[in-house]
Structure formats: structure tokens, C-alpha cells
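Visitor: Please show me the protein, and then take me through the model step by step.

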Amino acid sequence: MFSACRNLARVFRIGRVLARHDVLFLLDALPVGSLVATLLRPMVRPAEGRPGQRLARAFVELGPTFIKLGQALSTRPDLMGEAIAQDLTDLQDRLEPFPFEDVRRILTDEFGEPPESLWQSFDEVPVAAASIAQVHFAVTTDGKPVAVKVLRPGVEKIFARDVEMFSWIAAMVERFRPQFRRLRPVETVRTFEDSVTLEMDLRFEAAAAAELAENFAGDTTFRVPAIDWQRTGQRVMTQERIAGIPLDERERIIAVGLDPREVITHAANAFFNMVFRDGFFHADLHPGNLFVDETGTIIAVDFGIMGRVSEETKRTLGEMLLGFLTGNYRRVAEVHFEAGWVPDDKSVDAFTQAARSIAEPIFGKPINEISIARLLGQLFQVTEQFSMQTQPQLLLLQKSMLLAEGVGRKLEPGINMWELAYPLVERWMTDTFGPGARVKGTVHGLARTLERMPAVLEYADRAAAMMASGGLKLHPETVRQLGVSLTGGNGRRTLPTWLPWILVAGLALALIGR
């Protein structure tokens with residue numbers, strides 16, 4: 001009871017901030033929030049900007065957890081609508097820097113010695129201050145220029161308090177708003193909690209950077225700054241300092257003699273390789289995290305938000321995009337059903353029609369205006385009528401694609417980055433869906449079957465023993481369902497399609513038991 005009262009009081013305080021920015025709509029869909037919104041409605045004053053822009057400003061005022069929440073919601077057009085989600089993509093993760101006295105204390109606590117023993121110089125003024133951490137330039141005792149990321153003091157306590165409230169609200173939504181259960185609010189909050197918890201241990205971010213660097217070892221078009229593990233801990237991460245031009249500053253890139261088209265090609269190839277070759281991608285590819293050096297090499301920074309795509313999801317996504325690109329909308333629909341993303345009781349024909357209605361207007365545009373990310377976003381918008389469950393890995397991927405496309409358009413408005421990556425796309429499609437891939441898939445499937453064979457034989461032996469000692473014992477519900485199947489549910493005996501397989505299995509069990 002005390003916890004519920006504390007969370008309700010917190011919702012009221014948050015509601016007052018939302019009212020000042022005229023974004024009480026955020027509370028309207030929540031069981032308790034709608035009451036709070038009604039009580040606070042008289043406090044609302046007209047505010048400038050679109051709803052998503054006003055919401056972004058409210059999140060900045062509410063602090064670190066809400067800035068991260070805004071970033072997470074920017075990947076959820078199914079929850080917020082595409083316009084608001086897009087505005088939240090531009091949410092500025094900037095806060096006032098915390099004092100250098102705190103930085104010095106954190107460094108000393110983390111390494112058990114004063115900063116002077118590890119750095120010969122350390123800039124007191126940060127070059128960036130965000131919701132979770134801030135970054136300072138420094139030089140190590142062996143003369144290497146580095147960037148040092150330091151966690152914001154007290155951020156763990158703030159985050160724990162806010163996530164407790166989010167979890168309480170999500171549980172109430174699932175209990176009192178059944179129509180929202182397909183969006184899996186409790187699981188969404190848990191995923192959000194896991195993601196930000198990882199961000200608050202900078203060793204995990206360092207490990208992500210190291211993994212990405214390993215994936216691109218030997219690639220001269222994309223690289224990751226090296227981690228200084230000696231000067232990295234839970235609350236501090238030290239990384240090679242890089243020099244480069246932000247990827248959206250077209251004039252500066254041209255001024256140093258680089259071809260914007262070539263730069264975008266490198267960026268598009270890197271993103272494609274992250275997703276479809278490695279299944280591990282940078283999920284926060286805004287211009288502040290992407291630079292290009294004088295040789296044309298793309299350099300990425302800030303690895304707090306990363307995404308993973310399984311082999312199965314990569315193949316499903318590839319088939320889905322191939323279906324869109326070739327106009328085979330029936331296959332697009334079938335892939336969704338085969339992956340289990342859409343329940344079997346929904347209509348494949350209706351989903352095919354929905355896929356066509358989304359794709360045709362997009363692919364009717366000039367090639368430089370086509371957005372694959374927008375295609376995925378609009379697809380997510382029609383999921384409600386098909387009871388399609390949320391796929392967090394695809395939402396994060398869609399956000400990353402949207403950011404990457406935005407950077408590409410700023411650098412060279414007249415081209416499409418996916419068109420530049422076509423040779424890689426074509427090669428991956430051939431390797432994944434071509435004849436050679438089918439052979440490899442067959443061999444892989446056979447190997448998996450052989451791996452399962454000992455367990456199959458063990459179960460068969462157990463079943464044979466049960467038959468020898470008085471027969472197989474079935475659960476009453478199983479018996480009832482078998483009866484329904486045998487009568488077809490209408491009292492008339494029918495021969496079910498599964499009966500021959502049961503007979504074959506029975507013969508096999510008998511032979512094994514002999």
C-alpha cells in the first residue's frame with residue numbers, strides 16, 4: 001500500500017510537469033493516469049511546438065530516466081504514433097554538467113588512487129554532458145590523448161525510483177486495459193530497465209565497443225576507437241580520442257577533399273554489415289555519434305545503446321524486405337505468420353492487402369525518397385488490427401535505420417543509401433536465399449535432427465516401456481480432444497489426418513521395444 005501511494009504521488013508530480021508542457025495525453029491511456037490528467041487539466045497552458053516536441057521538452061525537465069524513456073519511445077510508433085515517435089528521435093540528451101569535484105571523487109573511488117597517477121592532464125570542463133554520463137578530454141601518463149566518460153553521481157538511485165513507478169503503471173495497464181496486453185507493457189519496462197542498467201555499467205559499453213571493433217577488424221572504411229581497459233571500470237570508461245568531422249556537415253567534408261557519395265557508401269555498408277553479417281548493431285546512429293576522418297573512414301562513438309538480431313530474425317527480415325522489394329506481398333504476409341508474429345487465426349489475405357497498401361505509396365516515389373525505415377514504421381502501425389505482438393528488436397532496428405537514413409539525406413540529399421549498399425545486399429540475398437544456401441540449410445537441419453536423435457530414442461524407449469506395463473496414460477483433456485478430433489466435433493466419425501502418423505509412430509515404438 002505504501003509503495004502504491006508513493007508511486008501515485010510521483011505520478012501527480014510528473015503530471016504537473018506534463019501539464020505545463022501541454023502533454024497530458026501521455027497519461028490519458030493509463031488507468032490511474034487518466035484520473036490524474038483530469039484533475040490537472042485546469043493547469044494546462046498552450047505551449048509552442050508539435051506534441052512530440054513538447055513531450056521531449058517535458059522529458060528533459062523530468063530528468064535522466066525520462067530522457068532515456070523518450071529515446072525508447074522514439075522506437076515505438078505503435079505506442080506513440082509515427083509523428084510523436086519521430087519528434088522524440090530528435091530528443092536532445094543534454095543536461096547541465098556536474099562539478100569536477102564529483103568527477104575527481106569518482107575517479108579516485110573507481111581506481112583507488114588519485115587521477116594524477118593515471119592521467120598527466122585532465123580537462124575540468126566536459127566536452128559533453130548527457131543524462132547518464134559526461135565526457136572529458138585527458139592525456140594518459142604515457143602521453144596518449146583519450147576521452148574519459150564518467151557516470152553521473154546518483155543516477156542509479158534516480159533510475160531505480162522511476163523504474164519502480166514504470167513497473168507499477170505497466171502492471172496496472174495489463175490488468176485494467178486488456179486491449180494493450182499485446183504491446184507487452186510489463187516486458188517493455190523490463191527491457192527498458194535492462195537496457196539502461198547496462199548503460200550504467202560502463203564496462204558493458206566498453207565491451208560492446210570492443211566487440212564491434214573486432215567485427216570490423218581489417219576494414220579500412222569503418223572503425224571503433226580503442227578502449228583503454230587499464231583506465232576503465234564500472235563508473236569510468238576511457239577510450240582513444242578521435243579527430244573527425246560530424247557526418248552531417250557536408251560542406252566541411254567536401255572542403256577536405258572527400259566525396260559525400262563515397263562517405264555515405266561506407267556508412268551504408270557498415271550499417272548493413274552490422275545488422276545482416278554480424279547481428280550486432282549500433283542503435284544510436286545520430287550525427288553526434290558518427291564522424292569521418294580525413295581518409296574517409298567512418299568512426300563511431302557512444303556504444304551505450306546496441307541491438308542484436310538473431311540468425312532467425314535476420315532471415316525473416318530479409319525475406320520480408322525481399323518480398324516488399326519484388327512486390328510479392330503475399331510472401332511478406334506469410335513470413336509474418338511463419339515467424340509467429342501474427343496469430344494463426346488472422347487472415348493471410350487481409351495482411352497481404354495491408355502490406356500492399358503500405359508499400360505501394362512508398363515504392364512509387366523516386367529512389368532517393370524511398371525510406372525502408374519508414375516502411376517498417378508504417379507496417380508496425382497496422383499491427384493492432386492483426387493482434388501482432390511487439391517485436392522489440394525490430395523496433396530498435398527501425399529506429400537505427402531511420403537515424404542512418406536521416407544522416408545520409410543530410411550529407412547527399414539526391415541519393416538513397418540503400419541503393420549504394422546494393423552490391424552487399426545482393427550478395428547477402430544470394431548467400432541467404434540462393435541454391436547454395438538451401439543446401440547449407442538442409443545440411444544444418446539434418447545435423448540438428450541427428451543431435452536430437454538420442455533424446456528421441458530415449459523418449460521412444462520410455463514410451464515402449466509404458467506400453468509394455470499397461471499402456472500409455474493420457475491426460476483427460478487430451479482424451480477429450482482426441483474424441484473431438486475423431487468425431488469432427490459434430491458426432492460423425494472422421495479419419496483424422498494425423499492418424500497415419502500415430503500408426504507409424506506406434507509401429508516404430510513396437511519395433512524399438514522388441
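Visitor: What is the mean pLDDT of the protein, and what share of its residues reach 70 or more?
Guide: Confidence here is given per residue by the predictor, from 0 to 100. Of the residues, 81% reach 70 or more, and the mean pLDDT is 80.

Visitor: Where does pLDDT stay under 50, with 26 contacts beyond four places in sequence?
Guide: Where pLDDT is low, the predicted coordinates should not be read in detail. One stretch under 50 is residues 439–453, for which the model has 1 contact beyond four places in sequence. The stretch with 26 such contacts is residues 466–514.

Visitor: How many helices and strands does the secondary structure come to?
Guide: The protein has 514 residues, of which 46% count as buried. Among contacts between residues at least 6 apart in sequence, 65% join residues at least 24 apart. The secondary structure comes to 23 helices and 11 strands.

Visitor: Which strands stand at the edges of the open sheet of 4 strands?
Guide: The order in this sheet is β5-β10-β9-β7, with mixed pairing. An edge strand has a single partner, so one side of it is left without a neighbour in the sheet. The edge strands are β5 (222–223) and β7 (245–246).

Visitor: Which residue in β9 does Ile245 stand opposite?
Guide: β7 pairs with β9 (residues 290–292) over 2 bridges, in the antiparallel sense. In β9, the residue opposite Ile245 is Val292.

Visitor: At about what angle to β10 does helix α13 run?
Guide: Helix α13 spans residues 260–278 and lies across β5, β9 and β10 (298–300). Its angle to β10 is about 50°.

Visitor: Which residues of the largest nonpolar core touch the most other members?
Guide: This core has 120 residues. Leu212 touches Phe222, Val224, Met274, Phe280, Phe303 and Met306, not counting residues up to four places away in sequence. Apart from this core lies another of 14 residues, among them Val103, Leu118, Val148 and Val150. The residues touching the most other members of the largest core are Leu18, Leu212, Phe222, Leu247, Met320 and Phe324.

Visitor: Which residue follows helix α4 with a positive phi?
Guide: α4 (residues 51–62) has 12 residues and reaches 16 Å from its first C-alpha to its last, close to the 16 Å expected. Its buried residues include Leu55, Phe59 and Leu62. The helix is followed, with phi near 105°, by Gly63.

Visitor: Is Asp302 buried or partly exposed?
Guide: Asp302 is in the loop between β10 and β11 (306–308). Its phi is near 65°, a positive value in a residue other than glycine. Buried means under 20% relative accessible area and exposed means over 50%. At 27%, Asp302 therefore counts as partly exposed.

Methods
Residues numbered from 1 in each chain as written. Predicted model: local features only at pLDDT ≥ 70, side-chain atom pairs only at ≥ 80, totals over all residues. Heavy atoms only, no water. Contact = heavy atoms within 4.5 Å. Pairing = 2+ DSSP bridges. Axes fitted to C-alpha atoms, helices over the stretch in contact; angles between N-to-C directions. Expected span 1.5 Å × (residues − 1). Buried < 20%, exposed > 50% of the residue type's maximum accessible area, 1.4 Å probe, protein only. Core = buried A, V, L, I, M, F, W, Y, C linked by side-chain atoms within 4.5 Å.
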